[in-house]
Amino acid sequence: MFCSPWILGFLLLFAWPFVASLYWSLCRFDLINPPEFVGLENYRRLASEIGTDRGFGRALSNTLYFSLISVPLSVAVGVMLAVALSTKIKGQSVYRTLVFLPSVIPVVAASVLWLWLLDPECGMVNYLISWLGIPGQNWLNQSRSVISPESVGVLTNWFNGQPLKLFGSKDALILMTVWGVGNFVVIYLAALSDIPTALYEAAEIDGASALRKFWHVTIPMLSPVIFFNLVMGLIRSVQTFASIYVLSEGTGEPGGSLMMISLQLFLSAFADFEMGYASAMAWILFVLLLACTSLLFRTSRHWVHYRAAA
Amino acid sequence: MKTSSRPLTYFLLWLVSAIFSLPLILMLSGSLKSSEQLTRDPYRIWPEQWNWSNYLAALESMPFLSYLANTMVLCVGCVMGTTLSCAVVAYGLSRVQWRGQKWIFSLVVGTMLLPWHVTMIPRFVLISQLGLYNSFWAIIGPTLLGDAFFIFLLRQFFLTIPEQLFEAGRIDGLSHWGLFWKILLPLSRPALATVALFQFVQTWNDFGGPLLYLNDPKKFPLAYGLERFVSSYGDQTHLLLAAAVLFTLPIVVLFFLAQRTFIQGISTTGIKG
């Protein structure tokens, strides 16, 4: 009886939508006329777009780029920050607060802020990297990203005196995402404080260096949490929507480089009213996400160390 | 760490914190600069003069107070809806024994893994069919039916309450509802506060919901209103930043007031997950 609100919610908000979207993915449906069964046509269309620079193909490769870079990067930066922030040092809580604070900033406000920070003309980011000798980047005005075959060409042209424009809009989005890594850091910090000091003492007696202690004590002890954050980070990254929408004003521009699956799906459904096509896209995304998650679970056996219950 | 690496650790921590907080400092300082200084000299942190009038101008260039009122209605509605519904469901999943309980609990956890993409279109159709399109109920309604993440969080907390207390309540003749209201809820204030806080922040920040379900500008909440503001005042950076600060400030204040709740909420759900 106590669970009845949730059961009702499950039926209305999950079970029925789940079945309906699976059925509609096999239909032509524009919200006004009743759905018309068309078999696998939507899926055929999605498949035909893979590998091309339009529709689902473009959205898929943009999403892959964003997730494959931002998720591991967030994990690496998060672990390193947590280790640094766990040293017993004066003002520790102040440093922790400053690193955590960006993650509570509302996405829309953060996106507005970064639109300005990443401005090629007057943005602070270009100003700061110029101190390091890196020329100003076009960030949100460039569709190409840093990890792409064309970057090799840009580098060779740079030696011939061409401007070095490596980073693009997706890299900007990744930068903004990593800035909000604070809540992952909190999880790592909690896990770090659970590591028994005896392990470090034992390692010290064995003469282990700081680096060895990090690789052979800290990382294995953190591995369950790292695994958890990898899975959650992956799920979260493919669902990123508000920041993409605000940064590109709902267009996925420049050059469609911010057209991720979530935005493409939203526009296909509510701008083009192709509900069938959008539903099919959602299902492909869901299956891909399931496959990636179960792959992570598979590999986790080899690197995740669960502590035996004490 | 050995003592020799101390200054280095200090320096690195200082540098990292500076990098993480710089955008926020710039947002604050930019919101106080004159439009002219912002273009001529965008990198100096200290404003030449403190233009508090930017805030007034930002308030006037969009219906800020109306957006704020809408956000507050949504926040209050969603917080009440979630706390109540999730507490009831979590009670049923932790303190009442019945067949199929384990099964339902794994379904609850399972829904957390389902991306919103799959359910978005049918939910939209359902909400329109119910005549809730362009109504706050489109956003508040679903919170009355529970949220997997919060149910999970509350259930974990409820399980830590000693069974003897419930035993004693039963001897005193309390029904299930009596146990729920008189024993469980008073003991669960910290967990309920975490849920309320997280739901508040989530609703305050929510952009997708209003984008999907609201189309009357009179009903826009702040998050959506601010985005509309970007499209129409994109070149007025000083006003944009002032509006962003006004939108962010309550959340930052809330964070400082309830820092402990925030941090504990994140770390417990993270680890228990």
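Trainee: Into which domains is chain A divided by the domain assignment?

Mentor: Domain bounds come from an automatic or database assignment, and for chain A that assignment gives domain 1, made of residues 4-105 + 180-303, and domain 2, made of residues 106-179. This is a predicted model, in which local features need pLDDT of at least 70 and side-chain atom pairs count only at pLDDT 80 or more, while totals for chains, interfaces and linings use all residues. Residues are numbered from 1 along each chain as its sequence is written, and chains are lettered from A and ligands numbered from 1 in the order in which they are written.

Trainee: How far apart do the C-alpha centres of the two domains lie, and how many residues does the contact take from each?

Mentor: The C-alpha centres of domain 1 and domain 2 of chain A lie 23 Å apart. The contact (C-beta atoms, placed from the backbone, within 7 Å) takes 22 residues from domain 1 of chain A and 23 residues from domain 2 of chain A.

Trainee: Which elements give two or more residues to the side of domain 1 that touches domain 2?

Mentor: In chain A they are helix H3 (55-85) and helix H12 (242-247), where helices are DSSP runs (H or I, at least four residues) and strands are E runs of at least two, numbered from the N terminus. H3(A) gives the most to this side, with eight residues. By class, the side of domain 1 has 14 nonpolar, eight polar and no charged residues; Ala, Val, Leu, Ile, Met, Phe, Trp, Tyr, Cys and Pro count as nonpolar, Asp, Glu, Lys and Arg as charged, and the others, Gly among them, as polar.

Trainee: How many residues of chain A are in contact with chain B?

Mentor: In this pairing 65 residues of chain A are in contact with 68 residues of chain B. On the chain A side, helix H1 (residues 4-24) gives the most, with 14 residues, and the residues of that side divide into 57 nonpolar, seven polar and one charged.

Trainee: What describes two packed helices?

Mentor: Two packed helices are described by the angle between their axes and the distance between the axes. In chain B, the axes of helix H3 (residues 53-61) and helix H14 (residues 237-257) come within 8 Å and cross at roughly 85°; axes are lines fitted to C-alpha atoms, for helices over the stretch in contact, with angles from 0 to 180 degrees between N-to-C directions. B:Asn54, B:Tyr55, B:Ala57, B:Ala58 and B:Ser61 make the contact from H3(B), and B:His238, B:Leu239, B:Ala242, B:Ala243 and B:Leu246 make it from H14(B). Seven of these contact residues are nonpolar, three are polar and none is charged.

How values were computed
Two residues are in contact if their C-beta atoms, placed from the backbone, lie within 7 Å.
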